[in-house]
Amino acid sequence: AGGAGASGAAADPQAAIQRNIQAQARFLLVLAHVMKCQSAECRVMECTATKELVTQHTRQCRAGDSCSYPRCTLSKKLMRHHRECQDQLCPICLPLRRQLAAAKMGALSSAAGGLGGAAGRPNSLPSNAA
């Protein structure tokens, strides 16, 4: 009974499920990137191939879950899942939600950046300003 070592960890169904969830979360991030990426020379590893999938195939595909085009069904399922998911702690959606929130905060802070350090803070006027 002493042979469970590293090979036992590789066969762990929970670890496989976790890797699958992480892979889906990563691909959802790539899909979100592709939707906005305008670069013909993007350096994001899967951008070019995924952009081709999304722009050339997935948007027009009507085969549903029976489509055999590589990653089409997965792409549609992930986009649908993210659009409909209500779980704020969903392990598939959470990385994208965090990225979108960070981008929103970055946009807000850069928009406020031109207004000086007091932008966005209540009662930021000096007390002798009246």
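The structure is a predicted model, in which local features need pLDDT of at least 70, side-chain atom pairs count only at pLDDT 80 or more, and totals for chains, interfaces and linings use all residues. Residues are numbered from 1 along each chain as its sequence is written, and side-chain values use heavy atoms, with hydrogens and water left out.

**Exercise 1. Describe the secondary structure of the protein and state what share of its residues is buried.**

Step 1. Helices (H or I, at least four residues) and strands (E, at least two) are DSSP runs, numbered from the N terminus.

Step 2. By this rule the protein has five helices and zero strands, and its pattern along the sequence is α-α-α-α-α.

Step 3. Of the 130 residues, 24% count as buried.

**Exercise 2. Examine helix H4: its span, its buried residues and what covers them.**

Step 1. The expected span of a helix is 1.5 Å times one less than its number of residues. H4 has 13 residues and reaches 18 Å from its first C-alpha to its last, close to the 18 Å expected.

Step 2. Buried residues in H4 are Cys72, Thr73, Ser75, Lys76, Leu78 and Met79.

Step 3. Contact means heavy atoms within 4.5 Å. The cover over the buried residues of H4 includes H2 and helix H3 (47-58).

Step 4. In H3, the buried residues are Cys47, Thr50, Lys51, Leu53, Val54, His57 and Thr58, and their cover includes H2 and H4.

**Exercise 3. Identify what lines the largest pocket, and locate Leu100.**

Step 1. On a 1 Å grid over the protein atoms alone, a pocket is an open set of points where a 1.4 Å probe fits, with protein on both sides within 12 Å along at least five of seven lines; lining residues have an atom within 4 Å of a point.

Step 2. The largest pocket holds about 250 Å³ of space, a volume being the space filled by probe spheres set on grid points joined across faces, edges and corners. Of its 13 lining residues, Leu31, Ala32, Met35, Leu96 and Leu100 are the closest to its centre.

Step 3. Helix H2 (13-36), helix H4 (72-84) and helix H5 (94-113) each supply at least two lining residues; H2 gives the most, with six.

Step 4. Leu100 is placed in helix H5 and counts as partly exposed at 43% relative accessibility. Leu100 and Ala32 are 68 residues apart in sequence, and their C-alpha atoms are 9.5 Å apart in space.

**Exercise 4. State where Arg71 lies and what marks its phi.**

Step 1. Arg71 lies in the loop between H3 and H4 and, at 41% relative accessibility, counts as partly exposed.

Step 2. Its phi is near 70°, a positive value in a residue other than glycine. Most residues other than glycine have a negative phi.

Key. Buried < 20%, exposed > 50% of the residue type's maximum accessible area, 1.4 Å probe, protein only.
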